[in-house]
Amino acid sequence: MSLNFMSSCSIDLFLTDSHRTEQLGYILGQHLPAGSLILLQGELGAGKTTLIQGLGKSLGITEPISSPTFTLVNEYTEGRLPLYHLDLYRLEKEQVSTICPEIYWEGEEVVPGITAIEWSERLTYKSDRYLEINLVHNAKRGRQATLNLLGKHDLNLDFLLCLASTTVD
Ligand SMILES: Nc1ncnc2c1ncn2[C@@H]1O[C@H](COP(=O)(O)OP(=O)(O)O)[C@@H](O)[C@H]1O
Ligand SMILES: [Mg+2]
């Protein structure tokens, strides 16, 4: 995995195989606080669910995690923090508000946890702070992931520096 830092809150990295994608999710799960919102973008097969599987593992979720393509939302509550996994693939933009995705990141009607949304480009309303992750196929290096931390956060993405020790270039 190789990293290019563009600023403290924006990182590009290459995920050479699915284990690396999972590892990225795992490390995010170790560092992100309750209330975090992860917006995942990338075509079918880009690795969005794989990343969330790693995230779930690091939260201590043992239940298998798969894309909630038909159920739209899966809630996992057995881990250190709840994981709310949404997949908007089957929804048109105008249908998205009907599932009230904001209840998950606002954490008032549900226990605050980590909300991870696949096909998040279909959201019509977003939180004012979130981590955006864009996954793109890369012919030579598996996937390219671009992470952007937007809005006010108590953290930056420096904790991903530890991934540099596993650099494969
Ligand atoms: N970095 C990677 N390099 C190669 N294959 C990957 C990588 N990350 C994930 N994959 C594989 O891509 C396939 C699709 O992944 P998935 O997470 O289901 O994608 P999505 O949820 O974006 O549709 C899986 O077989 C997964 O193992
Ligand atoms: Mg998926």
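In which hand does helix 1 pass helix 2? Helix 1 passes helix 2 in a right-handed crossing. Keep in mind that this is a predicted model.

Let's stay with that pair. Helix 1 covers residues 18–31, and helix 2 covers residues 48–59. Their axes lie 6 Å apart. The packing angle is about 45°.

Who makes the contact? From helix 1, the residues include Ser-18, Thr-21, Leu-24, Gly-25 and Leu-28. From helix 2, they include Thr-50, Leu-51, Gly-54, Leu-55 and Ser-58. By class, this contact has seven nonpolar, ten polar and two charged residues.

Now the ligand. Which residues come nearest to ligand 1? They are Ser-18, Gly-47, Lys-48, Thr-49 and Gly-142, out of 17 residues around ligand 1. Ser-18 also belongs to the contact between the two helices. The shell draws at least two residues from each of helix 1, helix 2 and strand 8, which is 142–150. Sort the shell by class, and you get three nonpolar, nine polar and five charged residues.

Let's step back to the whole protein. There are four helices and eight strands. Start at the N terminus, and the order reads β-β-α-β-α-β-β-α-α-β-β-β. How compact is the protein? The radius of gyration is 15 Å, close to the 15 Å that the globule rule gives for 169 residues, so the protein is as compact as a globular protein of that length. Along the principal axes, the C-alpha atoms fill a box of roughly 45 × 30 × 30 Å.

How values were computed. Residues are numbered from 1 along each chain as its sequence is written. Chains are lettered from A and ligands numbered from 1 in the order in which they are written. This is a predicted model: local features need pLDDT of at least 70, side-chain atom pairs count only at pLDDT 80 or more; totals for chains, interfaces and linings use all residues. Axes are lines fitted to C-alpha atoms, for helices over the stretch in contact, and angles run from 0 to 180 degrees between N-to-C directions. A crossing is left-handed if the near helix is turned anticlockwise from the far one by less than a right angle, and right-handed if clockwise. Two residues are in contact if their C-beta atoms, placed from the backbone, lie within 7 Å. Ala, Val, Leu, Ile, Met, Phe, Trp, Tyr, Cys and Pro count as nonpolar, Asp, Glu, Lys and Arg as charged, and the others, Gly among them, as polar. A residue is near a molecule or strand if its C-beta atom, placed from the backbone, lies within 6 Å of it. The radius of gyration is taken over C-alpha atoms; the globule rule is 2.2 Å times the number of residues to the power 0.38.
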